[in-house]
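Reader: Can you put the model up, and then we go through it?
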Amino acid sequence: MWDNPSLRCLLAIAFLHLLGLIYSQETGFPEAPENLKCITHDLNRMICSWDATSSANLGLTYKICYTNSEPFSPVCIETEGKRADIPVTIGSTNIQITTLNASGTPLATETFVLPEENVSLIPLTPQILNLSADFSTYTLYLKWNDSGSVFQYELDASWQIQILHKETLETVALINYDSKLTGKDSILSWDWTSDIPLECTSYYVKIRCYINEPYFTGRKEWSEWSPIRTVPEKDTKPNSPMVFPQDKVVLVGSNVTFCCLYNEGESIKFMKYGSKSYPLLRLNKWSSAIKVQNVSASISSGTNVWCLLEPDGLEGTVLFVGYAPDTPQNLSCETHTFINITCSWKPGRATELYTQRQTKYILFERISKENVTCEVDELKPEHHCNFSVHANQKIYNFTLGASNPLGQAESSLLIDVTQRVHLETPDKFTVSTNSSTNAHLSWYIPGNFIQIRLLCQIEINNSNSEQQLQSVSMAGAENSNYRAWVDALHPYATYTFRVRCSASEHFWRWSEWSEGKKLTTLEAPPARGPDIWRERSPVGETLTVFWKPLLLSEANGIILSHEVSCYSREIMLKAHEVPVPLNSTEIKLGGNDCLISVVAKNRAGSSPPSRITSMDLPSDNVKTELAIATGNGIYISWPSDPNVTCGYTLKCCISSGSEPCKVDWEMFPSNATDAVIKSALFQPGVRYNFSLYGCKHSGYQLLQNITGYMKELPPKVAPNFTVEETSSDSILVKWEDIPVEDCQGFLKGYILYFAKGEKSSSKTSFTDEENKTEKNITDLTKKSLRILDLQGKTSYRLGLRAYTVGGIGPLKDLYVVTKENSVGLIIAILIPVAVAVVLGVVTSILCYQKREWIKETFYPDIPNPENSKALQFQKNICEGNTALKTLEMNPCTPNCVEVVETQSTVLKIEDTEIISPVADSELPEDGSDPETGSHVVVSYCPPIIEEEISSPPIDEPVGSSQVIYIDIQSMYQPQVNPEEEPEINFVTTAGYKPQMQLPINAMKMESHSPTEEDLDKTVGYRPQANTNVWKLDSPDSPISIQSNNENGSFGSPCSINSRQFLIPPKDYEDSPTHNNTGWSFTNFFQNKPND
Amino acid sequence: MEVLTVDRANLLSSTSSSSSLSQQEVATKIKQTHRLTVLLKHCSEQLLAEYVRHQGEPFSSPDFQPPAMAVPGLPSPSVPPEAWLALSDGKRLWHLAAAYATLPGLLGSVRRQQAELNPLASELHRQLEAAARQCLGLAGNLEGIMGALELPGPPPPSSSLGGPPTSAFLAKLTGYHVCRLHRDWAMRSHEALGLLRTKYPL
């Protein structure tokens, strides 16, 4: 096997190959190649390079032999350099590099095995074909060739573009850009927008590439950066200072960077946006910038941005800040003349941009594909644009585009032009007439309306502001006059006409009204005769004929005169013409009746005649009826009269103010029986009189008189009334009628008020009176009234008011006092006197008959103690018995009876039965000397009494305790020394007090300034009469000499326990006190609470 | 306010026959022209105030003093006040005539620029138009006086700002300078005619 030379050769190659794999073969020669590196740009060929020492021997060459795979023989090339271009093979490549000297002798050989992984794919360095800039938009445009033809198939390529600026080449942006290589060379383009003006500084661009070949297992690397390119024309500093951007338009809210460029030797002092200064950003040595955020809308001339330079310089620019155009609103298109279509719209939100920056509008019609540039006034709220009407085109599809430097918007509208006809205002409008009821109208409308019909509206206004509309349809014409006529006008009336038009079939809008034209129709004869009436003079010789002027609508012109004629059996007896404004005339009848005819005349002719007979029929027993006021008129009714054949006439004469009354009348048909009469002259509260005439075959007959009010009011005045007569219990009141002019209505009655009251009372109205009495007098014939059941000697207030349906009139009042009741007074005096006399007589008789018994019992010559009631009385007291027993004679055994003489020069009267009337009655008002009252000292047994009175104050003179019996007939009470009065505490005791005890208490009360209340507490028993009554001094009383406080009346009949008079002294009765005029004996007997 | 109307045709015709004008007529003309300068002075101040009111900051700022700017065609009244008064009447009138030959055109240009920048400022437009008319009138009057006094006339004017301004800011700034120069020239003309009036009393 080893003998086979080819086999041996193959083994030798394999061996060498293995050596090449394992070693980087070095033969040890310095010329031996080493560090083989291979790169490829196109995956087709690769460039390999190596290192080798060649210093010693010049003229070295290299022989490179490479084989891609075993079956192929190696390919050898020679090169002088240390690099070689060899094809790229899949898998690995064997490369043998032999260093040859100048003579071609191999010096060293090196063999390499190069796997694909060790080959680098580095694309060719890209070249920028073009770099341009749009300074207005701060945009850079870059173009380069992708060299796609290098590769024979599609590949993904990535590009990296680097933007640098300033002199220091600071990276502004690094952008990746992917593309696909198509096997052919393509020009790629890319743009980039700066956020600061490109003029502000220098910009540089470079680019590199990366090929992404998925099947290539070697290293894939970025290409080299392309040569740097500078933004053209701005790579040098400016010739003069400037601020950028210049006159830029931006949206509200944008962020804008401004830069100020200046010359060498200058420096920037500050930079402002408007009035606000911003911090400077230095871009380079000849440029600084400011950044303004969120700019707001500018004024119309824009916002100034300016920089102040040192030493002397001012540079600036203007920024216009606004909005993009709004969508055109309310787009509407119509034609006025069928020549143009006028589209109108509202621009919406203002853009705040003007003149060359303002919104521009273009109207585009899609069907005809025509467009029109619209000239609009930005300041007007509504814009218009005209588009020509095309023949044979009805449908138009409009799109209105709005654009400005900040954006655009559009609106669309599809219309049928025949349905959008808005005619021009009718022009050359004329009105004429040649009759009293018709008018001819003519007007002109510009435009071509042959293809449509027109509908015109004629407005007719008369002088009463009544409006009437007439519509007229007519065929359209081209720039033509249109005519119409109106009829049914009123003669001699002034009208104002206007006209407007629209399309008839498809109404869109009315045109504006034409100007108004006035027209007055011609006169015509009056439409009817005037309303007439006549009145005979009282004697009957003359007849006054009245007529009413015709209404303007009836007169049909200016009434010039009235012709009044008098006919008798169709023969005109008299006729005369009465010029206006007279509306009556007198005709002398001369004893004959005739038929009166009145005709109204104007320039156009005469009215039909109005006729009335002059004959009056006699009337008997004419009644006057009352009419009913309706508030705004007078309702009158009358009975139907079958003899009335030609109607009724209601006549009245109404006067207004101071002028004489004006005859007026109204006519009603024969079947009428009532009417409401209204007149502007009627006034409320005024009485009007009417006369109703019936028109009968032979003449007029007065049927009845009627009086009434339009509106009844309350009487204007109160009726005058007087008191005719008064007695103690009645008043007769009499009143007068109210004058008719003051009634203001039909009087319905009177209301009479009366109530007790003084003239000085503050009450002004009877409505305030609580106890008033009122009487409604509806009988108007009654003119007086007697008021009964009154109280005597009492003041009464009387009031009288009249009333109508309209209300109650004012009040008139007076005061009257009734007379005193004399019978009552007499009775009041006589009865007490009679009773007193009878009692006195009876008492006297009894006393006389029983005088012996009385004497024995009360005044024996020698008192019998056992029978003495006085002693019994004393005993009761001693025993403290408070029972109501007086003078009860109980057995009482005296211990001793001692009779002693008193030391007083005046006999001291001791009377156990005597009490001071003051004690039970009113105390003296002056309170003077209360202690001058009697001091009753009961010295007679029993011992208890003695004990009570035996303890007087020390300084008091010794009071006697003796009992002195005296004759009652001769006793009198001596004055007692006040100092002798024992001080005894006042004891309040209810119930009956023995009279002998009372003086003690009474004296004490007086000394304590008693009050009435005290008395009430003290005294249960009351004296029979008022103490005032008894205060009067009796000349018979010895006490009265000494004291006013104690009144004795020993000469008068008195009760057993009292010494007061039962019958008051006569002189007291004769002097009664009249304090109150209201009090009377009548009152006393009537006992009324209000007395 | 006094309104003066100037009939340019009459003025020109009077110029042609200037040699025949009497001293009295010259004095009357000077007096009329002086009264026109009074009006012009007042109106020019109003115009400047109205102009800056519509231009925004910094023009509307009361202390706005931009660097002097040459307006093409319009001579600046650069002669100091003392020197101005020291000039001969003929020189002064010559300077005035040269300025007022240019101002109407410049004011018209400003009016057009403002119509573009401030379409809503109708009062400013009205005042600019009135100022142009007044300047035109004064130019005619000056021409008449110079003719009467047999003084040489000014060179023909270049009556507008040339092409449209390159930027809105520049238009505003140029307009401001025109209005300010208009005011300054009005003051100078008022002084000059005042002096002349004293020399040619009625």
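Author: What follows covers the interface, the cores and some salt bridges.

Reader: What should I know about the numbering and the model first?
Author: This is a predicted model, in which local features need pLDDT of at least 70 and side-chain atom pairs count only at pLDDT 80 or more, while totals for chains, interfaces and linings use all residues. Residues are numbered from 1 along each chain as its sequence is written, chains are lettered from A and ligands numbered from 1 in the order in which they are written, and side-chain values use heavy atoms, without hydrogens and water.

Reader: How many residues of chain A are in contact with chain B?
Author: 23 residues of chain A are in contact with 21 residues of chain B (contact means heavy atoms within 4.5 Å).

Reader: And the area buried between them?
Author: About 1,600 Å², with carbon and sulfur atoms giving 63%; buried area is the accessible area (1.4 Å probe) that two parts lose on being put together, summed over both. Ser301(A), Asn304(A) and Leu314(A) supply 31% of what chain A buries against chain B, more than any other three residues.

Reader: OK, cores. Which residues touch the most other members in the largest nonpolar one?
Author: Leu96(B), Tyr100(B), Leu107(B) and Trp185(B), out of 60 residues. A nonpolar core is a set of buried Ala, Val, Leu, Ile, Met, Phe, Trp, Tyr and Cys residues joined through side-chain atoms within 4.5 Å; buried means under 20% relative accessible area, exposed over 50%, partly exposed in between (1.4 Å probe, protein chains only).

Reader: Which element gives the most to this core?
Author: α6(B), with 13 residues; helices (H or I, at least four residues) and strands (E, at least two) are DSSP runs, numbered from the N terminus.

Reader: Back to salt bridges. What does Arg498(A) pair with?
Author: Glu459(A), with the closest N and O atoms 3.0 Å apart. Arg498(A) sits in strand β38 and Glu459(A) in strand β35 of chain A, 39 residues apart.

Reader: Is Glu459(A) buried or exposed?
Author: Glu459(A) counts as buried because its relative accessibility is 5%, whereas Arg498(A), at 26%, counts as partly exposed.

Reader: And in chain B, what does Asp89(B) meet?
Author: Arg92(B), in a salt bridge of 2.5 Å, N to O. Both lie in helix α4 of chain B, three residues apart, about one turn of the helix.

Note on methods: A salt bridge is a side-chain nitrogen of Lys or Arg within 4 Å of a carboxyl oxygen of Asp or Glu.
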